[in-house]
Structure formats: C-alpha cells, structure tokens
Amino acid sequence: MQFKKMRRQVLYFISMLCLRSAIAQVTYSIPEEMSKGSFVGNIAQDLGLDVKRLKLGNAHVYSGDSREYIELNNERGVLLIKERIDREALCGDTTPCAVHFQIVLENPMEFYSVTVEITDINDNAPNFEKNEIKFVISESTVVGAKFDLERAVDLDVGSNSLQSYVLKPTDNFLLKLHSQADGTKNVEMIVQKPLDREKNELISLVLTAVDGGEPQMSGTMQISISVLDANDNAPVFTQKIYKGTVAENAAKSTIVTTVSASDADHGLNGKIMYSITNTLDDVRHMFEVNEDSGEVRLIGRLDYEKKRHFQISVRARDNGGLTDSCKVIVDVIDINDNEPTIKIMSKSTVISESADPNTVVTMINIQDPDSGENGKVQCFINDNIPFLLKSTSNNFYSLVTDGELDRERSSEFNITVICSDEGVPSLSSSVTLTLQISDVNDNAPVFERSSYEAYIVENNTPGLSVFTVKARDADWNQNARVSYILEDSSVNGVPVSSYVSVSADSGVIHAVRSFDYEQIKDFHFRVKAQDGGSPPLSSNVTVKILIQDQNDNPPQVLYPVQTGGSLVAEMVPRSADVGYLVTKVVAVDVDSGQNAWLSYKLQKATDRALFEVGSQNGEIRTIRQVTDKDAVKQRLSVIVEDNGQPSRSATVVVNVAVADSFPEVLSEFTDFTHDKEYNDNLTFYLVLALAVVSFLFITCVVVIISVKIYRWRQSRVLYHSNLPVIPYYPPRYSDTLGTGTLQHVYNYEVCRTTDSRKSDCKFGGAGSQNVLIMDPSATGTMQRIQSEKSILDEPDSPLEQKPPNNDWRFTQGQRPGPSGATGGPEVAMGTGPWPQPPTEAEQLQALMAAANEVSEATGTLGPGTMGLSTRYSPQFTLQHVPDYRQNVYIPGSTATLTSNPQQQQQQQQATAQQAAQQALPPPQASAQPEPPKAAQTPASKKKSTKKEKK
C-alpha cells in the first residue's frame with residue numbers, strides 16, 4: 001500500500017514537472033527516515049539535461065546555510081540521500097515539510113531550484129506527559145458534566161498523527177473530542193451516569209490515545225477518580241483566547257496578561273485555581289500563572305532568536321474538581337540584545353618582517369543573530385598600524401599587511417578588530433590579535449664608538465684586561481648574538497695577536513704581553529663584530545692602544561765616565577775665580593715626561609764650601625776663590641735624581657785635583673787610598689755574609705775538635721787494652737799547590753780592589769789555584785815548588801814515619817809576605833803522619849802561631865794604582881807603580897789584604913780561625929791534589945772580578 005501511494009505521488013510530480021519546466025523548478029516527494037544513498041529522483045532526465053552537461057558544468061548542490069540532506073551524483077545524474085532525514089526534527093509540526101536547494105552549473109552558469117518534500121511515516125507513538133492523573137468529583141455532579149483531560153502528544157502529522165482516544169470502562173463516563181482551530185483536539189470526559197459515592201468511592205479509568213498510521217501505535221494514561229459531594233457548577237473563562245506581547249529583554253516577573261474565569265457556586269466550591277497545562281514545550285519554564293488572580297508572569301529569559309511565539313494553555317479549576325480551559329498567545333518583540341560575534345577562522349601568530357604587502361594574516365567571520373537593522377554589522381581595526389581589514393564577502397573579512405614590516409621598530413602588534421551593529425543603541429564587540437614579527441638578519445652590529453683609544457701602563461701583567469669594546473645588533477636572538485674577532489694585522493712586523501687578545505663573547509681586550517714604553521709607545525688594530533645570523537653580518541672598528549710611561553729606569557750618567565782600572569780627576573787651578581766651571585755631569589733617563597726630568601744635587605764633598613752643582617744643568621762650579629789651604633784631593637759625590645713617583649737616582653763620584661801642575665797632582669794622588677765611605681746597605685750585607693760564614697766555620701771547627709777529642713780518647717782506651725794498636729795517620733796539611741793548610745773544600749776568597757768602591761764576598765773553587773803575589777818592582781811572581789807536587793803525585797814514593805816535631809808550624813822564612821819567599825818542601829808537604837794525635841796544648845800553640853803570621857803579614861802592605869785626568873786636556877793615566885798591597889793572598893787563608901784597617905782586622909780574625917783548623921789533624925786524608933792552574937796577573941784578576949759582579 002505504501003508503494004502504491006509513493007507511485008501515485010511520483011506520477012503526480014512528473015505531471016507537475018511538465019507544467020513547471022518553463023520556470024526550471026523540480027519538486028520531489030520522499031518519505032522520512034530513508035537510508036543514506038537512497039534514490040530521490042533523476043534530475044538530469046527531469047530537467048532535460050545531458051549527463052555530460054552535469055559533468056562539464058561541475059554541477060553541485062547549493063543549500064545555503066541549511067544542512068545538505070540531498071547530494072547530486074554527476075556520473076548518473078540522479079539525486080541521492082546524503083543524510084538520514086527526520087521530519088519531526090526538521091520541521092516539527094509544520095506541514096508540508098520540504099527541503100529547498102539549487103542545482104548550480106557552470107560554463108555557462110545556470111541554476112535550477114529543487115524542492116524535496118518530506119512525507120511523514122508513523123515512527124512516533126502517542127505519548128502522555130503523565131502516566132496517571134487524579135480527579136476529585138462530587139457525587140452530585142449532574143449527568144453531562146465535563147472534565148478536561150490531558151492530551152496525548154504524537155510528533156507525526158497527517159494520518160500518522162493522533163487520531164482518536166478510547167476510554168475504558170464506560171460505566172459512568174464517556175469520552176468526547178472537540179476540534180480546535182489550530183487542528184488540535186481537546187479531550188473531555190463526560191459524566192453519563194450519576195455517581196454514587198456509597199457504591200463506588202474510587203473509579204479507575206484507562207485513557208488510550210491511538211494514531212492512524214500503519215502499523216497503528218497508541219499510548220495510555222491511568223485516570224483515578226475520587227467521588228465527593230455537592231459541587232455542580234464548573235468554572236467558565238470569560239474568553240477562550242487571550243493575547244499578549246513581551247520584549248525579549250523583559251525582566252522577570254513581568255505580567256504578560258491576566259486570565260479570568262467565574263464559578264456559580266459559593267464558598268469553597270466556587271473558589272477557582274489557575275494552572276498551566278502545557279506539556280510539549282518549555283512554557284512552564286518561561287511563564288507562570290497566579291493560582292488566585294490568574295496573572296500570567298514571565299519567569300525565564302526570552303530570546304527572540306530562539307523562539308518568537310508562545311502558546312500557553314491555562315486551566316481554571318474549582319474545589320469540586322470542575323475545570324475550564326483557555327489559550328494565551330504571547331508574541332516576543334525583538335530587541336538589539338546580541339552583540340556581533342567575531343570568530344577567527346584562521347590566523348597566523350607569527351609573520352616574518354620580510355613579508356610582502358597584502359599578505360593575509362587572519363580570516364574572520366562575523367555573526368549577529370539579531371534581525372533587521374540590529375543584525376547589520378560593520379568592522380574596522382585600530383589606526384597607525386601597517387595592516388588593513390578587507391571585506392571578502394558577506395560577514396567575512398581578511399586581515400592583510402598594508403606595508404613593509406620592521407621588527408626593530410616594532411616586534412609585536414596588538415591588532416584590535418571592532419565590530420558594531422546598526423541597532424539602537426548600537427552594540428559592538430572586539431577581539432585583540434597578537435601578532436609577533438619574526439626577525440630577519442637585516443642589521444649589522446654597530447659599535448658604540450667609531451674608534452676607541454685605551455691607555456695601559458707599561459710593565460703590566462700579561463693577561464691584564466685593558467678595556468672593553470661593545471657592539472649592539474638591533475636584530476633578535478641568534479641574529480643579535482655578537483662575537484668579537486681580532487682582525488689579522490702586524491705591529492712592527494709582529495702579529496698583533498702576540499700583543500692583545502679579544503674575548504669572543506664579552507669583547508674584553510686583554511694584554512698578551514708586558515709592554516715597555518721605551519720599545520713601543522702606541523699601536524692600533526681592528527676588531528670585527530660579527531652576528532650569528534645566516535648569512536652573518538659584521539662591522540669593524542679601529543682600536544688604538546697608548547702605552548703610558550712608568551718610572552722604571554734610573555738615570556744613566558754619561559759623563560764623567562766611571563772607570564774601574566784607574567782614577568779619573570778634574571784639575572782646577574788655584575787661581576780659579578768664583579763660578580769657575582770645573583766639569584759638567586751629563587746624565588740621561590730613557591723614560592719620558594716628568595719621569596725623565598733630572599735634577600742634580602751635591603750629596604757629599606770634601607769641602608762643601610768650595611763647590612756647587614747646578615740643579616738643572618749638572619754643572620760643577622766653584623762658589624769661592626780657591627786658596628792655598630784647600631786640599632789638592634777633592635772628592636765630590638753627585639746624585640742625579642728623576643722626577644718620577646717614586647723617584648730613581650744614580651750617584652757619580654767626581655775627583656777634583658786643586659793644583660797648578662801635574663807633578664803636584666801626581667805626588668798627591670800617588671798615595672791616594674780607597675774611599676772609606678761605602679754604601680751602607682752593601683756594607684751591611686757584606687758584614688752579615690761574613691758573620692754567617694764565620695759562624696758556620698767556627699761551628700765546623702768545634703765539631704771537628706769534638707770529634708778529634710772523642711777519637712783520641714777512644715784510641716787511649718784501645719792503647720791501654722790488650723787489643724792491637726792501630727796507628728793514627730794525620731792528613732797532609734798543606735794544599736796540593738802550597739796555598740794553605742786548610743782543606744780546599746773550606747777555602748774561600750775575599751777580594752777588595754781600589755776601583756770597585758764595593759766589597760765582594762764569594763766562594764771560589766778549590767784551594768789549589770795559583771796565587772799571584774806582587775813584589776815591589778812588579779817584575780817577579782812566586783812560583784810553585786814543583787818538587788812538592790812531584791812528591792805528592794807519586795803514589796809509590798816512600799814516606800817515612802818520623803817522630804813528632806814540637807815546632808811543626810811554618811818557620812819565619814815560610815810566612816807569607818811581600819818578598820814572595822816560599823817555604824821548603826817539607827813545609828808544603830808536611831812531615832808525614834804522627835804516631836799519636838796532637839795534644840790540646842799543641843793545638844793551642846798552633847793557633848797562636850797562625851795569628852802571629854797574619855799580624856806580621858798585614859803590616860807590610862802598600863798603596864795601589866790610580867789614574868788622573870785634567871779638566872781641559874786629554875785624560876791621562878799614571879804609570880802603574882809596583883804595588884803589592886793591591887791583592888795579597890795569605891797561603892792557607894782565603895782573605896785578600898788591603899790597606900783598609902777595618903778589613904784587615906776582619907781578615908786577621910778569619911785567618912786565625914783557619915789557622916786553628918789547620919793545626920788540628922782531621923780524621924781522614926785530604927782530597928787528591930788537583931793539577932796546577934796558570935798563574936794570574938793583577939790585570940786578569942780585575943777582569944775576573946768585574947765578570948763575577950755582572
């Protein structure tokens with residue numbers, strides 16, 4: 001039957017198609033709930049189009065804003081179900097229910113309107129809101145009294161909708177239906193037989209609602225009736241339909257309208273109560289009626305965009321259970337209460353600063369659910385930004401770039417999109433878009449200065465931080481990371497990297513070496529700053545380093561020249577007047593600035609009242625007339641001091657001869673002795689060194705004596721015992737070359753020269769070195785007795801054991817002196833080992849004899865050599881007078897004797913200590929003799945002394 005019905009509908013619409021072909025509109029009719037892919041109609045055939053036309057014209061379905069339930073198959077030219085259709089959800093109770101869409105073709109562009117009517121099928125059963133209702137009816141209720149029942153709801157329409165009601169049982173009540181203007185039916189239960197409470201107090205009925213579909217569906221509700229007495233008049237409304245209007249923004253408790261009903265009964269039976277009986281929609285959540293007054297009030301929030309009309313069913317009921325009903329129709333008035341909604345369809349949060357103009361950044365959709373003028377929207381963005389908002393279609397906008405972007409000027413944009421409608425008052429909404437500008441490496445590092453100058457004091461520590469260069473890059477992140485590089489260059493042919501280094505991260509410039517202002521005063525180099533971009537950008541800057549001078553060089557005296565071998569003197573005639581220029585001290589300082597400013601002062605002078613020194617020019621002049629009483633020998637000590645902090649100085653000694661002729665000068669300066677004024681610090685260190693050496697020497701002597709005594713006592717113990725006697729063999733006392741009786745490992749040498757002005761204390765080599773002694777004629781030298789050496793060198797030479805000699809010391813003829821006499825071989829060699837160690841008395845006697853030798857030897861010394869020069873003539877040097885006092889060495893002692901009384905006393909003490917040690921027999925034999933060395937002359941002796949000083 002369903003198939004026949006559908007066939008009739010198709011034939012009907014085909015006939016209609018022939019009639020409507022002129023207006024290019026096709027209508028189909030299909031039942032609801034058809035499965036996906038079901039056939040709807042052959043649109044190509046019905047429109048008279050070729051299937052190829054559909055393919056080439058790219059035919060497609062356009063349904064506007066509604067959902068697409070129908071799709072077009074271009075291959076077959078037919079319409080198919082795209083999505084299952086529920087008529088009740090699509091149209092509700094609206095009939096007929098249809099889906100409208102267009103078939104759009106291109107090349108050329110055409111469109112055809114298609115309507116698909118959705119017919120209802122019986123897929124919903126009638127349903128009551130409540131499963132049970134209760135009535136209280138008086139037994140006096142007359143026959144024919146009506147009771148309004150709750151209606152059932154069937155979502156289907158037409159024949160499938162609710163058709164009839166059945167009430168069972170029907171002993172006391174029957175059912176009556178009343179059709180309304182809107183097509184609905186009121187259900188009334190009518191008393192057909194008087195009630196008798198005494199027979200039946202409770203009556204149970206079943207109300208069944210039946211629809212007209214196939215198969216037929218139904219729904220039931222239980223009715224419970226309580227029988228009461230004496231209320232025989234039902235309430236009656238003054239009108240059956242009430243109308244009211246309310247704005248959608250009306251406040252709660254707003255009165256929409258008032259319904260009124262009357263009841264002829266009196267008392268409690270005449271009291272009427274009003275109630276809303278709607279069950280299908282949300283009317284009860286939006287409105288309420290006052291039970292007593294009948295005022296219909298608003299209790300919810302209205303929304304014109306969701307629902308524009310409301311139909312309220314109001315019931316009037318008295319205490320006897322009699323009721324009456326009416327309708328209240330409420331129309332909702334639209335208010336501009338919805339601001340435009342801004343929806344971001346697609347957006348970019350980051351855009352490169354190199355983006356081209358008109359690049360789309362964001363796509364926006366604007367929606368306003370209001371109607372009329374209230375729903376018209378205009379959008380704009382904030383000013384002074386390189387962006388533009390363009391309208392692409394209805395309610396669609398695109399945000400595009402409107403110029404070049406520069407991240408360094410603005411790295412972020414907050415773009416506010418404002419949309420407002422045309423309602424009164426106008427409503428608007430806004431959204432802020434945050435757009436980050438990504439960096440491109442388009443800025444090179446820039447130094448804070450165009451060039452740098454830095455100062456560093458000479459003699460700096462290597463690795464010292466000089467200063468810092470700083471460059472900034474306007475880019476960001478890796479593109480702004482600056483690295484510092486020292487460019488390759490050279491300074492005086494040396495790579496600049498050996499002078500300075502640059503920290504790649506911080507730009508700190510460090511000194512690689514210690515600078516000397518006297519060698520280099522300034523230099524320059526270039527530092528490159530390079531960023532981390534790809535490709536990298538860079539810039540460079542010139543850095544100049546200026547070396548600052550330090551007062552690290554003392555003045556150097558150029559004149560007068562200080563000689564080490566002769567005495568130089570300036571001659572002043574006795575007829576010299578006041579201001580006579582004696583000489584000029586010339587000095588220089590390699591430092592610069594005030595460190596090189598020199599001043600001259602007279603530190604010491606034989607006669608301060610005779611000479612003065614110019615503080616600026618160093619000229620030595622007389623300050624008074626020279627007299628005959630003035631000494632011929634004048635010694636001036638001039639100090640040259642610079643102006644540095646702290647200042648440095650140098651001292652020069654100027655010897656002045658006050659005489660009119662050279663013979664007078666020669667006679668005076670022949671007896672010139674050494675200066676007794678020594679440098680205090682150097683003398684102190686010399687005395688301290690001699691004291692330490694003397695202390696160590698005395699300690700060794702005491703230890704040796706203690707050991708000897710201990711061994712002597714041990715030998716005495718063995719002598720009185722029955723053990724065999726082991727003879728004691730003392731060592732050879734003299735050195736292998738006759739220079740002394742002290743073992744060569746303890747031999748040291750003290751040298752004093754007339755030209756050094758200083759004292760030296762040094763430890764020399766073995767005591768077997770040759771010793772040169774000057775005789776008065778300066779022509780003879782003391783030769784070594786080779787016979788002694790030959791005896792010592794022969795291992796097979798027999799040495800006889802002789803008895804001890806009471807006077808075993810050196811004889812008077814063997815004592816050292818200027819004569820250069822030497823002792824015999826027996827003295828140099830010794831008399832051989834003793835049978836017994838010497839007694840303490842013998843040791844003391846030897847010590848006293850050695851002291852006498854030193855005393856006699858030092859009394860025979862004479863003056864040394866010297867040289868003189870005049871003020872206005874070439875420098876000349878006196879002939880060397882034989883002077884055996886210059887360097888005299890005592891055999892067996894390391895002291896060099898001079899004419900200085902203090903030094904002679906020190907040497908005598910040292911010699912006495914050495915002689916005491918020589919008198920003691922050591923526990924073992926002396927070292928093997930060393931080969932003789934070549935004799936030294938006084939000149940060679942001075943040269944070696946100078947080399948040792950250097």
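Visitor: Is Cys97 buried or exposed?
Guide: Cys97 has 2% relative accessibility, so it counts as buried. Keep in mind that this is a predicted model.

Visitor: What does Cys97 bond to?
Guide: Cys97 is joined to Cys91 by a disulfide, with an S to S distance of 1.8 Å. The torsion about that S-S bond is about 65 degrees, so the disulfide is right-handed.

Visitor: And Cys91, buried or exposed?
Guide: Buried. Cys91 comes in at 18% relative accessibility, and the cut-off for buried is under 20%.

Visitor: How many disulfides are there?
Guide: Two. The other one links Cys379 and Cys419, with sulfur atoms 2.1 Å apart.

Visitor: Where do Cys379 and Cys419 sit?
Guide: Cys379 is in strand S27 and Cys419 is in strand S30. They are 40 residues apart, so this pair links distant parts of the chain. Cys419 is buried at 0% relative accessibility. Cys379 is buried too, at 15%.

Visitor: New topic. Which residues touch the most others in the largest nonpolar core?
Guide: Phe523, Phe525, Val527, Val543 and Ile545, out of 29 residues in that core. Strands S41 and S42 are among those that each supply at least two of its residues.

Visitor: What does Val527 contact, beyond its neighbours in sequence?
Guide: Its contacts include Phe447, Tyr484, Ile509 and Val543.

Visitor: Why would nonpolar side chains group like that?
Guide: In soluble globular proteins, nonpolar side chains tend to be buried together.

Visitor: Last one. What is the strand order in the open sheet of four strands?
Guide: S8-S14-S13-S10, with mixed pairing. S8 and S10 are the edge strands.

Conventions. Residues are numbered from 1 along each chain as its sequence is written. This is a predicted model: local features need pLDDT of at least 70, side-chain atom pairs count only at pLDDT 80 or more; totals for chains, interfaces and linings use all residues. Side-chain values use heavy atoms; hydrogens and water are left out. Two strands pair if DSSP finds at least two bridges between them. A nonpolar core is a set of buried Ala, Val, Leu, Ile, Met, Phe, Trp, Tyr and Cys residues joined through side-chain atoms within 4.5 Å. Buried means under 20% relative accessible area, exposed over 50%, partly exposed in between (1.4 Å probe, protein chains only). Contact means heavy atoms within 4.5 Å. A disulfide is a pair of cysteine sulfur atoms within 2.5 Å. Lists of a residue's contacts leave out its neighbours within four places in sequence.
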